[in-house]
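User: Got a model to go through with you. Can we start with the strands, then look at pockets?
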Amino acid sequence: MAVAADLDRATDSQWDWVAEQTRTYLTSGGTEGHENNGVRMLLLATTGRVTGQPRRTCLIYGTSGDDFVVVASKGGADEDPDWFRNLHADPSVGVQAGTRRVTCRARMASPGERDALWPQMVRIFPLYEEYAHKTDRQIPVVLLTPQD
C-alpha cells in the first residue's frame, strides 16, 4: 500500500528523463518541476505489483473537483504503463502536486467520466490525441482521490 511518504524512498522510473524530472521535483520540495511550459506535473508513488516495493514517476495532471486526473498513455504504446498496472494490484498511491503531499485512492474513470475528462486532458496536453491514434487500446483516464 503506497502512501505519500513513499515518494521519498521509491525507485525512480526506468526512463532517465522522467527520473531526472522526479528528482528535481523532490529535491526542491515541489517548487521546481511542478510546472513545465504551462503543463502541471505530479509525482505518483505506487506499489510494484511484482516486487511489492514503492515505485515513483512524474505525470501530467488535471483536476476534477478534489481529484487529480492522470492519463495512462505510455506515449501511445499498445500496452499500459507499469504504474497503471500497479494500480490494479493496489490502488493506494502517494501523490505530490507542487508542495502538497497526500495519500490517494486511484480508480479508473467511468465511461461517462472519461467522456468528460478526456477532452479536458487533451486541452492540457494535445499529444494525448495523437497517442490515442497510435494504439488500438482505449487510453485509460485515472482519478486519484485524496484520502487525508
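Analyst: β4 and β5 form a hairpin with 2 residues between them. In the turn, Gly65 has a positive phi of about 60°. Strands here are DSSP E runs of at least two residues, and helices are H or I runs of at least four, numbered from the N terminus. The model is predicted: local features need pLDDT of at least 70, side-chain atom pairs count only at pLDDT 80 or more, and totals for chains, interfaces and linings use all residues. Residues are numbered from 1 along each chain as its sequence is written, and side-chain values use heavy atoms, without hydrogens and water.

User: In which sense do β4 and β5 pair?
Analyst: Antiparallel, over 3 bridges. Pairing takes at least two DSSP bridges between two strands. Gly62 stands opposite Val69 in β5.

User: And which residue stands opposite Phe68?
Analyst: Leu144 in β8. β5 and β8 (residues 141-146) pair in the antiparallel sense over 4 bridges.

User: How many β5 residues are buried?
Analyst: 5 of 5 (residues 67-71). Buried means under 20% relative accessible area with a 1.4 Å probe, protein chains only. Asp67, Val69 and Val71 point one way, Phe68 and Val70 the other.

User: Switching topic. What volume does the largest pocket have?
Analyst: About 910 Å³. That is the space filled by probe spheres set on grid points, joined across faces, edges and corners. A pocket is an open set on a 1 Å grid over the protein atoms alone, where a 1.4 Å probe fits, with protein on both sides within 12 Å along at least five of seven lines; lining residues have an atom within 4 Å of a point.

User: Which element gives the largest share of the lining?
Analyst: β3, with 6 residues. The lining has 33 residues, and Trp15 and Trp83 are among those nearest the centre.

Notes. Buried < 20%, exposed > 50% of the residue type's maximum accessible area, 1.4 Å probe, protein only.
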